[in-house]
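Subject: Structure for you to look at

Hi,

Here is the structure I promised to pass on. Please open it alongside this message, and my notes follow below.

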Amino acid sequence: MRIGAAALVAAGLTLPPCTALAERDVSAIFEDRADAGAYSGDWPIWSRMRLEITRRGGSAEAIFRGHLSTTWQVDADEGGFFLGNRPEVADVNGDGKPEVVVIQHVPSSGWRMAAYLPPGTELGILGEAVFAEGVDQAVLLGVIDPGGDDGALIGVVVREKGASRLLIYSFQDNAPGALGPYPGYGAGPAGSAPRVRVCRDQRAFLVANAADGTVTAIGRRGESAELRLWNSTLPATEAGFAKAASCD
């Protein structure tokens, strides 16, 4: 993974040395479409990820206010790409700081889910899950926090030989461990409709149920492998996913 030139963009006041800086705000988007190469799916693929990391702060006496913003351009390895509509920014290891979660195709090793540590002076990787050689697509559904002591969960659907299965990852000791696989669940059609449902105290991944072609919500309760929180008769189309996520 190559890192493009890190441009430091200062906005507002330059903070004096005594100024306390708050925790970083991180945003991430994909940029620049990639060459499809051997990928035959419908999801968008990208050659670059753009990270913007902003620190805001001020003096205790409210004399100084300002923020510093740093932009990083992270380029995929030659022949590789990122997949999906956007990276996910979430605290996946419970340290109170956000990580950036992406799906990548790397020429040397195939498909993987990777969680990156937003850079200070360099980009680091928290952990990764490399998928089997036969996998020809991996879709990041999103990240949910079920509450309690469960920690954040990362939902990924992988496709192999035309069949899809759901994997749910959680980070323990900064390494991803997987629940599943749960066969018979897919990501549904490519599109921008959310694949996560967050309604009051229920948080779940939205998946396409291969058995009946509808949208199903799947989460977790304690140490159990699966909890179906919400089942629908909505068709697993982009419009169906959007409606399923609306909490109506």
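Predicted model: local features only at pLDDT ≥ 70, side-chain atom pairs only at ≥ 80, totals over all residues.

Residues are numbered from 1 along each chain as its sequence is written, and side-chain values use heavy atoms, with hydrogens and water left out.

Let me begin with an open sheet of 4 strands, in the order 11-12-13-14, with antiparallel pairing. Two strands are taken to pair if DSSP finds at least two bridges between them. Strand 11 (135-144) and strand 14 (175-183) are the edge strands, each pairing on one side only. On average, neighbouring strands of this sheet are turned by 25 degrees against each other, direction ignored; axes here are lines fitted to C-alpha atoms, for helices over the stretch in contact, and angles run from 0 to 180 degrees between N-to-C directions. As background, strands of a sheet pair through backbone hydrogen bonds, either parallel or antiparallel.

Strand 12 (residues 153-160) and strand 13 (residues 163-172) run antiparallel and are joined by 7 bridges. Ile-154 stands opposite Tyr-169 in strand 13. On to the next pair: strand 13 and strand 14 are also antiparallel, over 7 bridges, and there Tyr-169 stands opposite Ala-178 in strand 14. Strands 13 and 14 form a hairpin with 2 residues between them, and Asp-173 in that turn has a positive phi of about 55 degrees.

**Backbone points to check**

For context, most residues other than glycine have a negative phi, and most peptide bonds are trans. Lys-161 has a positive phi near 55 degrees and is found in the loop between strand 12 and strand 13. Is Lys-161 buried or exposed? Lys-161 counts as exposed because its relative accessibility is 80%; the classes are buried under 20% relative accessible area, exposed over 50% and partly exposed in between (1.4 Å probe, protein chains only).

Asp-32, in strand 4, has a positive phi of about 65 degrees although it is not a glycine. Asp-32 is partly exposed, with a relative accessible area of 43%. There is also a cis peptide bond from Gly-180 to Pro-181, with omega near 15 degrees, and Pro-181 lies in strand 14.

**Salt bridges**

A salt bridge here is a side-chain nitrogen of Lys or Arg within 4 Å of a carboxyl oxygen of Asp or Glu. By that rule the count is 6. The general idea is that side chains of opposite charge can pair when their charged atoms come close.

One of them joins Arg-50 to Glu-31, with the closest N and O atoms 3.9 Å apart. This pair links distant parts of the chain, Arg-50 being in strand 5 (residues 45-58) and Glu-31 in strand 4 (residues 25-33), 19 residues apart. Arg-50 is partly exposed, at a relative accessible area of 28%.

Another brings together the side chains of Asp-75 and Arg-48, at 2.6 Å from N to O. Here too distant parts of the chain are linked: Asp-75 is in strand 6 (residues 65-75) and Arg-48 in strand 5, 27 residues apart. Asp-75 counts as buried because its relative accessibility is 14%. Which residues does the network of salt bridges link? They are Asp-32, Arg-48 and Asp-75, so Asp-32, which is partly exposed at 43%, comes up again.

Arg-165 forms a salt bridge with Glu-160, their closest N and O atoms being 3.1 Å apart. Arg-165 is partly exposed at 22% relative accessible area, and Glu-160 is partly exposed at 21% relative accessibility.

**The disulfide**

How many disulfides does a search of the whole structure find? The search finds 1, a disulfide being a pair of cysteine sulfur atoms within 2.5 Å. Cys-199 and Cys-247 form the link, with their sulfur atoms 1.9 Å apart. With -90 degrees about the S-S bond, this link is left-handed. Cys-199 is in strand 16 (residues 196-199) and Cys-247 in the segment after helix 1 (238-244), so the pair links distant parts of the chain, 48 residues apart. Cys-199 is buried at 4% relative accessibility, whereas Cys-247 is partly exposed at 24%.

Best wishes
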